[in-house]
Amino acid sequence: MLVEEALDENESLFLIDLKVGADNSIQVVVDGDEGVPLSECIRISRHVEHNLDREQEDFSLEVTTPSITEPIRDRRQFNKNLGRTLQLKTDKGDFEGKLIEITDGQLILEWKSREPKPVGKGKVTVEKKETFPIDDIKEAKVKIIF
């Protein structure tokens, strides 16, 4: 496949999605362990475009990176988001915390929570940390903080 050939030239890049529409529109979504520079999107686009014949079949081609609002779709995307705040949906509920570690198929999130004092009235801030198996995560998004 032409996209795979182009990605093989830079091992830090990986395919997130490839769609071919009925109108011969081709959309390629790539991500990278350290992000994806515009020059790499251009290089991938040129590689695909130069190996397809527009005379034989007309097409449109778009090579992009994932939108920041899109959920994480590939395990490798977690690595580049280490240290960022994630919003997770799991069978146990929804969680939001800073991704502090990635280990053998698991994520470790850390966050602060206001909980009732063990004794007396009022609340106290508690540091929480929990491990989530990646396979149990239904959806993960990076929280956008301004």
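The model is a predicted one, in which local features need pLDDT of at least 70 and side-chain atom pairs count only at pLDDT 80 or more, while totals for chains, interfaces and linings use all residues. Residues are numbered from 1 along each chain as its sequence is written, and side-chain values use heavy atoms, with hydrogens and water left out.

Glu4, Glu5, Asp8 and Glu11 form a negative patch. Patches consist of residues with over 30% relative accessible area and no salt bridge, like charges being joined within 9 Å and nonpolar side chains (Val, Leu, Ile, Met, Phe, Trp, Tyr) within 5 Å. Accessible areas come from the Shrake-Rupley method with a 1.4 Å probe, and for residues only the protein chains shown count as cover. A salt bridge is a side-chain nitrogen of Lys or Arg within 4 Å of a carboxyl oxygen of Asp or Glu. Asp and Glu count as negative and Lys and Arg as positive, whereas His and the chain ends are not counted; each charge is placed at NZ of Lys, CZ of Arg, CG of Asp or CD of Glu.

Helices (H or I, at least four residues) and strands (E, at least two) are DSSP runs, numbered from the N terminus. Glutamate 5 is partly exposed because its relative accessibility is 41%; the term covers values between buried (under 20% relative accessible area) and exposed (over 50%), with a 1.4 Å probe and protein chains only.

A nonpolar surface patch of about 280 Å² is also present, made by Met1, Leu18 and Val20. Leucine 18 sits in strand β1 (residues 13–20) and is partly exposed, at a relative accessible area of 32%.

Beyond residues up to four places away in sequence, arginine 43 touches Ala6, Glu9, Asn10 and Leu13, contact meaning heavy atoms within 4.5 Å. Between arginine 43 and glutamine 77 there are 34 residues in sequence and 21 Å in space, C-alpha to C-alpha. Serine 45 also lies in helix α2. Serine 45 counts as buried because its relative accessible area is 16%, and its contacts, leaving aside neighbours within four places in sequence, are Leu61 and Val63.

Finally, asparagine 24 is found in the loop between β1 and β2 (25–32). Although asparagine 24 is not a glycine, its phi is positive, at about 60°. With 24% relative accessibility, asparagine 24 is partly exposed.
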